[in-house]
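Let's take a walk through this protein together, starting with the whole chain and then stopping at a couple of residues along the way.

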Amino acid sequence: MGIVIAIIIFGLIVTVHEFGHFICAKLSGIKVLEFSVGMGPKLLQKQKGETKYSLRLLPLGGYCAMEGEDATNSDPRSFRNAKLWKRMVVLVAGAGMNFVLGFIAIVIYISMMDGVPTTTVSNFSRTEDDGVITYYSESYETGREKGDKIISVDGTRVYSIIDFNYVFNVMKEHEGHEVIVKRNGEKLKLDDVSFRIKDGSDKFVDFGVVYKNKNPLTVLKGSGENFMSMTHIIGLSLKQLFSGQVEKEEVSGPVGVVTVINEAAKDSENVKEGIFNILYMMALISINVGIFNLLPIPGLDGGRLLFCFIELVRRKPIKPEHEGYVHLAGMVLLFGIMIFATYNDIVKLITGGKNG
């Protein structure tokens, strides 16, 4: 069941992306030849007006085929004959819809919480015996106070509690951190702060945070902060990927994504927790897909946008055949990466998550 849910979610993320292209193309007057949910052999197909609507066998994909995307075309309603701003809007719309889907998922899972979490410290790990309070929180001993709003840790911006997970995972290998907090309305820098709980465990969360009561405003604000956190963390992860800081064995493709969603679903203790985990994963993956598609890589929407910006500067387009060659090379490269990532995923499944 978890795998089925994972496949449906992955298919939804891709379909929403392609729907963004589709609806903006339609609104812009660009001729859409086919809108397909899924890839591979056709299961169902219906012609409505000038557009075919298809449902295909493999749910891990989809596409929006527009007239004249990669070649000179005499049709006045072809993609290449549309005004430059309309083409740019159509290209951005796919990622935009992924961001909308991710934000909606965040709003739902924030609404499922008992309260809206903040980054303001509510308390520290402590014990109380006969009225005597003993703190065993290192961050309390190294300068932090109740009511501090955490702004950043070691230069990494903290938008929500999601950022804590990233920061704590990164800083496990060293002690003493520069923490910027907002205290009594003023920003304050704390040096050499540690977060470990002094109880012999390896836990890094030695403090609690304030939870606000839920209402439309606090839910929307909290959702916006979580959205910023996910966007920020994905950006940092992509930076690590392209700078070579990520091992090749850690690269995953669609199979890995489905596996992660499946594990998040099946490892949940109850239905509510399962829904919460699935919504979290859907938001993270959808935002990831949106950001990745905007990267200026040939074959992706961002690569096509780059050519639009070049056209804007040159005041004339690059020859379609030349642009087509560049996108073809990019697609071949991306396809190769996808094969490699899928191979990694399969190896992890066979070896139980251990490559080599």
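**From the whole chain to single residues**

Of the 356 residues of the protein chain, 43% count as buried. Keep in mind as you look around that this is a predicted model. The chain holds nine helices and 10 strands. If you take the contacts between residues at least 6 apart in sequence, 66% of them join residues at least 24 apart.

One place to look is a nonpolar patch on the surface, formed by Met39, Leu43, Leu44, Leu55, Leu57 and Leu58, which together have about 550 Å² of accessible area. Strand E1 (32–48) and strand E2 (51–66) are the elements that each give two or more residues to this patch.

For our second stop, turn to Ser223, found in helix H5 (residues 216–242). Is Ser223 buried or exposed? With a relative accessible area of 0%, Ser223 is buried, because buried means under 20%. Where does its side chain reach? The side chain of Ser223 comes to 2.7 Å from the backbone oxygen of Val219. Setting aside neighbours within four places in sequence, Ser223 is in contact with Phe103, Ile106, Val107 and Ile110.

Key. Residues numbered from 1 in each chain as written. Predicted model: local features only at pLDDT ≥ 70, side-chain atom pairs only at ≥ 80, totals over all residues. Heavy atoms only, no water. Helix = DSSP H or I, 4+ residues; strand = E, 2+ residues; numbered from the N terminus. Buried < 20%, exposed > 50% of the residue type's maximum accessible area, 1.4 Å probe, protein only. Polar contact = N/O pair within 3.5 Å; in protein donor to acceptor, adjacent residues only side chain to side chain. Contact = heavy atoms within 4.5 Å. Patch = residues over 30% accessible without salt bridge, like charges linked within 9 Å, V, L, I, M, F, W, Y side chains within 5 Å. Areas by Shrake-Rupley, 256 points an atom, 1.4 Å probe, with all protein chains shown as cover. Salt bridge = Lys/Arg side-chain N within 4 Å of Asp/Glu carboxyl O.
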